[in-house]
Amino acid sequence: MLLEASNITKVFKGRRGAAPVYAVKDISVTATPGTFVAIVGESGSGKSTLARILLDLISPSEGDVTLDGKTIRGMSGAEHTGYRRKVQAVLQDPAGSLNPRKRVGEAIGEVIRLHRMARGRQEIRQKAVEVLDLVGMTPPEAFMDRYPHELSGGQRQRVLIARALSLNPRVIVADEAVSALDASVKAGVLAIMADLKERLGVGYVFITHDLPVVKKVADYVYVMKDGEIVEHNTKTEIFTQPTHPYTQTLLAAAPSLERATARRSEERKKHS
Ligand SMILES: Nc1ncnc2c1ncn2[C@@H]1O[C@H](COP(=O)(O)OP(=O)(O)O)[C@@H](O)[C@H]1O
Ligand SMILES: [Mg+2]
């Protein structure tokens, strides 16, 4: 399977007479199952706009998204549904993505039912338990009846990954999915994602401003700046031989970022 965005441009109308915003300018990315593709760039560089286009939530102004050569543009309603099943989202804010009044089992079960991934209460429940187990929530039965507020931030993010997995996606688009988590929790969720890549062959378009995370998990990296992709290459090449000055600047800033993060968690320890 190949997910391909080709020459994508997205223009937003300027608010109240302001100039139009070119959020994304003529960019092309590809993703495939079993590969961890990272898209890295600072705030405002157009990452979330690209994510929403890949997720079929908004249409590009120009360019095309194709899945195995088939363009989203020409899809029927049923084909859009199929596309959205195969290309799943795990977004930034787990609290906002989960209905506070729905137990974990219901939240996952509802998606399974909607996409007819299983039939009947028992089978649906079993599938939900299975995906919770896959994301390391053990024993899964203990989490089925919990409400989102009874979970930690890391657990909520795992539930979102589990819910996405219940649809057997080929690619997960994760937009700042671990950015709000503490370092150790973040590492745990990343390890789960990497494990799912190996075990299930799921692929990722992993969107982040967090370079140390990219270094840890990515196979391939696109660097975005001001709506454009300034450089893309294998992770090793990006980190050892960045060619674009912007990538070099990002990398030069990263060690101090890591130091700052370490300092912050030291301070937290002191205060706790
Ligand atoms: N719906 C919208 N209407 C107008 N401008 C938008 C809209 N969504 C995003 N933008 C603008 O597009 C640019 C890219 O935003 P975004 O894709 O959210 O970047 P990132 O996720 O990298 O921070 C920003 O200048 C932002 O203000
Ligand atoms: Mg964003």
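This is a predicted model: local features need pLDDT of at least 70, side-chain atom pairs count only at pLDDT 80 or more; totals for chains, interfaces and linings use all residues.
**Notes on the cores, helix contacts and backbone of this model**

1. Residues are numbered from 1 along each chain as its sequence is written, chains are lettered from A and ligands numbered from 1 in the order in which they are written, and side-chain values use heavy atoms, with hydrogens and water left out.

2. Which residues touch the most other members of the largest nonpolar core? They are Ile108, Leu132, Leu196 and Phe206, in a core of 40 residues. At least two core residues come from each of α4 (104-114), α5 (121-134), α6 (141-144), α7 (153-165), β7 (171-175), α8 (183-200), β8 (203-208) and α9 (211-217). A separate, second core has 27 residues, including Val24, Ile39, Leu54 and Ile72. A nonpolar core here is a set of buried Ala, Val, Leu, Ile, Met, Phe, Trp, Tyr and Cys residues joined through side-chain atoms within 4.5 Å. Buried means under 20% relative accessible area, exposed over 50%, and partly exposed in between, with a 1.4 Å probe and protein chains only. In soluble globular proteins, nonpolar side chains tend to be buried together.

3. Take a closer look at Leu196. Setting aside residues up to four places away in sequence, Leu196 touches Leu134, Val135, Ile161, Leu165, Gly201, Val202 and Tyr204. Contact means heavy atoms within 4.5 Å.

4. How do α4 and α5 meet? Their axes come within 9 Å and cross at roughly 115°, which means that α4 is roughly perpendicular to α5. Axes are lines fitted to C-alpha atoms, for helices over the stretch in contact, and the angles run from 0 to 180 degrees between N-to-C directions. Angles under 35 degrees count as roughly parallel, over 145 as roughly antiparallel, 65 to 115 as roughly perpendicular and the rest as oblique. On the α4 side the contact has Val104, Ile108, Gly109, Ile112 and Arg113, and on the α5 side Ile124, Lys127, Ala128, Val131 and Leu132. By class, these are seven nonpolar, one polar and two charged residues. Ala, Val, Leu, Ile, Met, Phe, Trp, Tyr, Cys and Pro count as nonpolar, Asp, Glu, Lys and Arg as charged, and the others, Gly among them, as polar.

5. Beyond its neighbours within four places in sequence, Val104 is in contact with Leu132, Phe143, Met144, Arg146, Leu151 and Val159. Val104 and Leu132 are 28 residues apart in sequence, and their C-alpha atoms are 9.4 Å apart in space.

6. Next come α5 and α7, which pack at an angle of about 125° with their axes 8 Å apart. That angle makes α5 oblique to α7. From α5 the contact takes Val131, Leu132 and Leu134, and from α7 it takes Val159, Ala162 and Leu165. These residues divide into six nonpolar, no polar and no charged.

7. Helix α1 (residues 47-54) is mostly covered, with six of its eight residues buried. The buried ones are Lys47, Thr49, Leu50, Ala51, Ile53 and Leu54. After α1 comes Asp56, whose phi is positive, near 65°.

8. Thr208 belongs to strand β8 and counts as buried because its relative accessibility is 2%. Apart from neighbours within four places in sequence, Thr208 is in contact with Ile39, Val40, Gly41, Lys47, Glu176, Ser179 and Val214.

9. Finally, two loop arginines deserve a look. Arg16, in the loop between β1 (3-12) and β2 (21-31), is not a glycine, yet has a positive phi of about 45°. At 86% relative accessibility, Arg16 counts as exposed. Arg116, in the loop between α4 and α5, has a positive phi near 50°. Arg116 is exposed, with a relative accessible area of 62%.

Technical notes
Helices (H or I, at least four residues) and strands (E, at least two) are DSSP runs, numbered from the N terminus.
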